[in-house]
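Visitor: I would like to go through this structure and ask what stands behind each label.
Guide: Gladly; let us have a look together.

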Amino acid sequence: MRVAVTGASGFCGSALVYRLHTAGHQVVALDRYAPIESLPVEAFFQGDLLDRDALNRTLAGVDAVVHMAALPAIARTSTADYERVNHQGTQRVIEVAVAHGVQRMVHVSSSTVYGAPSQQPIPEDAPLQPACDYSRSKVAAETRCVELADQHGLQIAIIRPRVVVGPGRAGVFSLLFAFVRRGWPVPLPGGAHHRFQFTAVEDLASACVAALDPQRSWSGARAFNVGAPVEGCLRDDLARLIEHAESSSRFLSLPAAPARGGGQGVAGATVFSRASPAPGASAEAAPVDMRKPLATTLPIRGPRAEATPARRRPC
């Protein structure tokens, strides 16, 4: 299959390109920026999502499109920029794809579209309650996917991953890894006794590839939550990381900050792990049961920070 990937130079996009290449697909890539390292693609086009000429060159002759390009939440840019790139850009990609006869697409969205849900684990039909400009732009993009899929008879998989992690991940994770690498104390606001769900970048790529399988079909646009199984609290996850790195880092518990909206604490997406059924398979992936109470809550001793060994213990 000949597959076009937007956002191919990014962290998630490049992982998808390699996954598609390994699966034997031909890849055509589009991104505003050239990749840091060469990618196994048949052609690479540099351009903006609203650049119709660049999109025409990229999507000509492809069988499917995976649309990953977006302004991320950490960009903290203007409302207009999120609207232009994430909403209007998605619409433009679909319109050009339709003009080239493409019938199958994958749109990578975000689990932040759920906002702060009252139900966990979160089913795909849970209410969408975006709480920031980024998540509102992703909801708007999903809405256009649904509308244009119905209008043109397309099959679109809307992928909603939890926080994506993996080798090369930048942002707050690179800071965390730097602390662990140097053996510095790792600050934990509130003690990090809550459960949190992540997505391995390899699993996100595999979910996108599975959604392109011609043997899996549905009508219109369909949403899929993607995340890893949740086995403990965030504190336990970090303790495993420190142990794996053979680091001398200790935990530095800090008072919890006031809760703010935005859906970043959502921790109950449907799971597609490497051993789980893929989107469109006959059996649905088993949801993570986030309703079980945590075994123990360890209080913070007053407003002062407390350094404790970074070892695993009941959460």
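Guide: Let us start with Leu-234, which is found in helix α7. Helices (H or I, at least four residues) and strands (E, at least two) are DSSP runs, numbered from the N terminus. The model is a predicted one, where local features need pLDDT of at least 70 and side-chain atom pairs count only at pLDDT 80 or more, while totals for chains, interfaces and linings use all residues. Residues are numbered from 1 along each chain as its sequence is written, and side-chain values use heavy atoms, with hydrogens and water left out.

Visitor: What makes Phe-44 buried, partly exposed or exposed?
Guide: Phe-44 lies in strand β3 (residues 43-46). Its relative accessibility is 27%, and therefore Phe-44 counts as partly exposed. Beyond its neighbours within four places in sequence, Phe-44 is in contact with Ser-9, Ala-29, Asp-31, Tyr-33, Ala-34 and Pro-35. For one of these, Ala-34, the C-alpha to C-alpha distance is 8.4 Å, at 10 residues apart in sequence.

**Helix pairs**

Visitor: How are two packed helices described, and by what?
Guide: By the angle between their axes and the distance between the axes. Axes are lines fitted to C-alpha atoms, for helices over the stretch in contact, and angles run from 0 to 180 degrees between N-to-C directions.

Visitor: Why is α5 called oblique to α7?
Guide: The axes of helix α5 (residues 172-182) and helix α7 (residues 234-244) come within 10 Å and cross at roughly 50 degrees. Angles under 35 degrees count as roughly parallel, over 145 as roughly antiparallel, 65 to 115 as roughly perpendicular and the rest as oblique. That makes α5 oblique to α7. The contact involves Leu-176, Phe-177 and Val-180 of α5 together with Leu-238, Leu-241 and Ile-242 of α7.

Visitor: What classes of residue make the contact of α5 with α7?
Guide: Ala, Val, Leu, Ile, Met, Phe, Trp, Tyr, Cys and Pro count as nonpolar, Asp, Glu, Lys and Arg as charged, and the others, Gly among them, as polar. On that basis the contact of α5 with α7 has 6 nonpolar, no polar and no charged residues.

Visitor: What makes α3 and α4 roughly parallel to each other?
Guide: Helix α4 spans residues 133-152, and the axes of α3 and α4 cross at roughly 20 degrees, coming within 8 Å. The pair is therefore roughly parallel. Here the class count is 8 nonpolar, 7 polar and 4 charged residues.

Visitor: And why are α2 and α3 oblique to each other?
Guide: Helix α2 (residues 52-59) and helix α3 (residues 79-99) pack at an angle of about 50 degrees, with axes 10 Å apart. α2 and α3 are therefore oblique to each other. On the α2 side the contact is made by Arg-52, Leu-55, Asn-56 and Leu-59. By class, 5 nonpolar, 1 polar and 3 charged residues make the contact of α2 with α3.

**Strands and the whole chain**

Visitor: How do you know that β1 and β2 pair, and how many bridges join them?
Guide: Two strands pair if DSSP finds at least two bridges between them. Strand β1 (residues 2-6) and β2 are joined by 5 bridges and run parallel. Thr-6 stands opposite Leu-30 in β2.

Visitor: What makes strand β2 mostly covered?
Guide: In strand β2 (residues 26-31), 5 of the 6 residues are buried. Helix α6 (residues 201-211) is also mostly covered, with 9 of its 11 residues buried.

Visitor: How many helices and strands does the chain have?
Guide: The chain comes to 7 helices and 12 strands. Buried residues make up 47% of its 315 residues.

Notes:
Buried means under 20% relative accessible area, exposed over 50%, partly exposed in between (1.4 Å probe, protein chains only). Contact means heavy atoms within 4.5 Å.
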